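Dear colleague,

Please find below the structure I promised to pass on to you. My findings on its charged contacts and on one pair of packed helices follow it.

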Amino acid sequence: MSQVPEHIRIVEEVFSRYRSFVYVGKKLLRWDAVGKVAGRAPIFTADFVSRYRDALYVYSVRTKYAHALIKKLDVGEILNYPGVIKVIIARDIPGINDVGYVIPDQPLIADRKVRYVGDVLALVVARDYYIAREAAERIHVEYEKLPVITNPLDVIDLETLSERKHVLIHDERGSDVVARYRIRRGDVDRGFREADVVVEGEYKTQFQEHAYLEPEAALAVPESDGGVTVIVTTQCPFEARRAIARVLGLPQGLVRVIAPLMGGGFGGKEDVGNVIGAKAALAAYLTGRPAIIIYTREESFISHSKRHPMIALYRHGAKKDGTLVAVEARIVLDTGAYASLGPFVAWRATVHSVGPYRVPYAKVDTVAVYTNNVYAGAFRGFGNPQVHFAVERQMDLLAEELGMDPVDLRFKNILREGDETVHGQLMSRDLGVGLEEALRRAVNLSNWYVKRRKYSAESKGLLRKGIGVAVLWHGNSIGVEGADYSSVSLIINSDGSVTFRTGLTDFGQGALWGLVLIASEILGVPPKYFIIERADTSAVPNSGPTVASRTTVMGGAATVNAAYKLRQRLNEVASRILDCAPSDVEIKVPDVFCRSSPSRKVSWRDIIEEANWLGVPLQEYGYYRAPLAAWDEDTGQGAPYITYTFGAVIAEVTVDVETGEVTVNRIYTVYDVGKVINREGVEHQAESGAIQGLGYALMEELIHDAEGRVMNANLSTYYIPTAADTPEIIYDWVESRYKRGPFGAKGLGEPSLVGIAAAIANAVSHALGVKINELPITPEKVYLILKKSGKLVLDS
Ligand code: MOS
């Protein structure tokens with residue numbers, strides 16, 4: 001038998017030892033709150049610009065067409081423009097012209113062809129932005145236009161899932177299919193033969209834009225050793241370093257990436273740091289001067305990744321009593337012009353494709369394909385909001401067909417402790433399985449049964465009310481996508497403060513604060529003693545990417561390791577001075593004393609000084625590697641994620657049947673987060689996930705025309721929810737305690753969005769008595785659905 005590695009054993013020991021908490025689960029003033037509110041701190045990437053007055057500006061000259069061959073490119077006239085220092089085209093790249101994240105399919109600068117409207121033909125490096133932009137107009141390009149594909153079903157046949165004959169977008173790859181995944185569990189035809197009722201539907205979702213407050217920015221400074229330092233908006237500084245070093249043809253050690261706090265990320269800044277960091281780095285490297293790049297909102301809209309649109313066919317079979325027997329699904333994801341995180345998104349969608357239910361027979365096929373749309377990649381939820389919309393609509397159809405209450409149908413089928421997932425993964429107690437409890441609480445909080453009956457009975461007049469439910473699951477961290485590890489370092493300084501470092505980044509949600517609370521709890525040092533440094537590849541070891549709701553669970557487990565080891569050494573030192581057993585030492589900074597006789601006491605500073613005299617190291621590196629995940633490519637069987645965050649969402653809506661307008665009145669969310677670490681943090685996640693999910697459900701959609709041009713590339717035409725759209729949000733928590741999470745914690749960043757659109761869609765469907773198969777549920781769409789269903793005729 002293999003032994004449990006030490007880093008896992010420590011997390012398990014801490015998990016079982018702590019029952020009461022001083023800092024964990026409490027609300028404490030966040031380190032960056034006052035500075036942010038006062039407008040002083042923190043320093044965002046673009047704020048560094050003022051420190052480099054001689055910096056050059058890098059402007060991206062973009063293609064006129066979404067799909068074309070570049071026959072001739074002449075930049076001579078740009079070069080002659082006063083104030084232009086350099087023009088960089090593909091062949092000037094010293095290293096490899098690629099910034100792809102999962103597969104190398106994305107040139108930084110187009111060489112042979114362009115594949116979407118964000119593609120770049122040249123970088124103009126000039127004294128200032130305006131010069132660069134004006135000069136850029138003097139580019140001369142001869143294109144050979146190619147057919148533009150904006151519909152993924154022009155690439156793949158939804159029935160057969162075979163690739164259609166078409167002019168290839170990635171001809172160099174020989175196919176525009178990016179990824180395929182499948183689940184095969186039992187004989188699905190047999191499952192459907194055993195079913196008493198079968199429901200099916202086709203579901204569609206749209207492109208969603210992250211719309212973070214802070215657009216992408218990078219500042220690159222050439223270093224005397226021939227390398228370059230890049231300050232860049234990225235969730236993944238080590239991944240950006242890899243990509244930038246590759247483009248420059250430098251060893252990674254000569255590229256230093258600094259990732260300041262960000263004004264939002266939501267997954268959108270997972271790979272765009274590769275692109276924007278490489279552009280700035282290239283300009284700095286080739287000119288020997290600092291170079292900056294800041295995207296305008298329009299550039300951000302047309303060139304960074306989006307949420308994948310989905311087209312899916314689902315078929316569900318159940319027994320008369322509601323027991324699910326079979327699920328069949330065909331899922332097509334549009335990954336746009338480049339793969340970005342698409343292959344991983346498609347995998348996550350596949351893993352979660354049947355929802356958090358016991359499904360004895362299943363057959364799922366997922367395909368991600370290229371089109372000439374803006375590329376799709378990581379976005380909070382990562383494929384999951386899409387499949388949950390489809391699955392949870394299907395469950396409501398099934399409930400209707402069976403004459404069952406939608407909540408009762410879910411109670412009948414949800415995963416509980418001891419069940420097996422559709423992949424054959426055992427839902428053991430160690431994983432923390434709190435879905436049933438979450439659903440029960442959401443039902444009670446919302447007074448579901450009373451309202452469901454009441455709204456059904458009152459369904460007339462201009463304003464119709466509805467209430468809808470969705471349950472969800474979300475695998476924590478990255479599963480089999482890559483080596484799943486994280487790290488932090490803690491340094492106790494001689495003044496008693498503690499320096500906290502990690503390569504994980506903070507997008508504004510305050511995720512790092514949760515890690516500090518964990519360290520505080522174990523060390524006995526209050527959070528205000530901590531100094532949180534910004535992520536810097538030259539100051540910390542690789543902590544893995546800041547993605548996949550993994551900061552609390554993975555970074556937290558690494559923090560547990562660092563703090564635990566430090567605490568053991570501190571106890572030893574204190575026991576020598578205080579003359580009590582190390583296990584008797586209590587640290588409550590500024591005091592350190594013996595638990596059995598509190599009058600024997602020294603100060604925190606004395607302990608630190610003593611440790612330094614004795615040569616006891618006061619710094620520690622914490623590392624955590626998740627237990628191995630397993631996935632069989634042919635059958636989709638295994639144990640894809642270390643654990644799952646579960647949740648139940650209930651939404652109440654009012655629909656105006658004259659205008660088609662949907663108002664969300666209330667959203668109830670109950671998430672099983674294992675254990676609440678950062679209370680302020682989980683509350684904000686619950687609220688922000690609900691609001692961003694509401695935008696996804698009702699109004700957000702990036703629209704391309706037939707030529708692949710983005711029609712609403714700004715916040716004046718791409719609508720996101722405002723405070724006026726925000727409903728009452730009521731939340732609660734289930735703490736099921738995941739044995740290998742820090743104090744039992746699981747992640748919440750993404751799960752807080754996953755079930756929102758599904759619940760709202762179900763509520764709208766309830767209010768109107770019609771099927772809702774497509775997002776976003778705009779007034780126009782509701783109007784047309786009502787018209788088509790003959791329900792537009794008002795009874796008043
Ligand atoms: Mo992400 S959507 O930051 O894995």
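A residue counts as buried when its relative accessible area is under 20%, as exposed when over 50%, and as partly exposed in between. Please note that this is a predicted model.

Salt bridges

A search of the whole structure finds 48 salt bridges. Three of them are described individually here.

Lys 27 is paired with Glu 683, and their closest N and O atoms are 2.8 Å apart. Are the two partners buried or exposed? Glu 683 has a relative accessible area of 12% and is therefore buried, whereas Lys 27, at 47%, is partly exposed.

A second salt bridge joins Asp 419 to Arg 358, with an N to O distance of 3.2 Å. This pair also links distant parts of the chain, 61 residues apart: Asp 419 is in the loop between helix H11 (406-413) and helix H12 (435-446), and Arg 358 is in the loop between helix H9 (342-351) and strand S15 (361-369). Asp 419 has a relative accessibility of 16% and so counts as buried; Arg 358, at 28%, counts as partly exposed.

In the third, the side chains of Lys 746 and Asp 672 meet at 2.8 Å, N to O. Lys 746 lies in the loop between strand S29 (728-734) and helix H18 (751-754), and Asp 672 lies in strand S28 (residues 662-672), 74 residues apart. Both Lys 746 and Asp 672 are buried. Elsewhere, salt bridges with shared partners connect Arg 416, Glu 436, Glu 437, Arg 440, Arg 441 and Asp 732 in one network.

Helix packing

Two packed helices are described by the angle between their axes and the distance between the axes. For helix H6 (residues 237-248) and helix H7 (residues 272-287), the angle is about 40° and the axes are 9 Å apart. H6 is therefore oblique to H7, and the crossing of the two is right-handed.

On the H6 side, the contact residues are Glu 239, Ala 240, Arg 242, Ala 243, Ile 244, Val 247 and Leu 248. They meet Gly 273, Asn 274, Gly 277, Ala 278, Ala 281, Leu 282 and Tyr 285 in H7. By class, this contact of H6 with H7 comprises nine nonpolar, three polar and two charged residues.

With kind regards

Note on methods:
Residues are numbered from 1 along each chain as its sequence is written. This is a predicted model: local features need pLDDT of at least 70, side-chain atom pairs count only at pLDDT 80 or more; totals for chains, interfaces and linings use all residues. Side-chain values use heavy atoms; hydrogens and water are left out. A salt bridge is a side-chain nitrogen of Lys or Arg within 4 Å of a carboxyl oxygen of Asp or Glu. Buried means under 20% relative accessible area, exposed over 50%, partly exposed in between (1.4 Å probe, protein chains only). Helices (H or I, at least four residues) and strands (E, at least two) are DSSP runs, numbered from the N terminus. Axes are lines fitted to C-alpha atoms, for helices over the stretch in contact, and angles run from 0 to 180 degrees between N-to-C directions. Angles under 35 degrees count as roughly parallel, over 145 as roughly antiparallel, 65 to 115 as roughly perpendicular and the rest as oblique. A crossing is left-handed if the near helix is turned anticlockwise from the far one by less than a right angle, and right-handed if clockwise. Contact means heavy atoms within 4.5 Å. Ala, Val, Leu, Ile, Met, Phe, Trp, Tyr, Cys and Pro count as nonpolar, Asp, Glu, Lys and Arg as charged, and the others, Gly among them, as polar.
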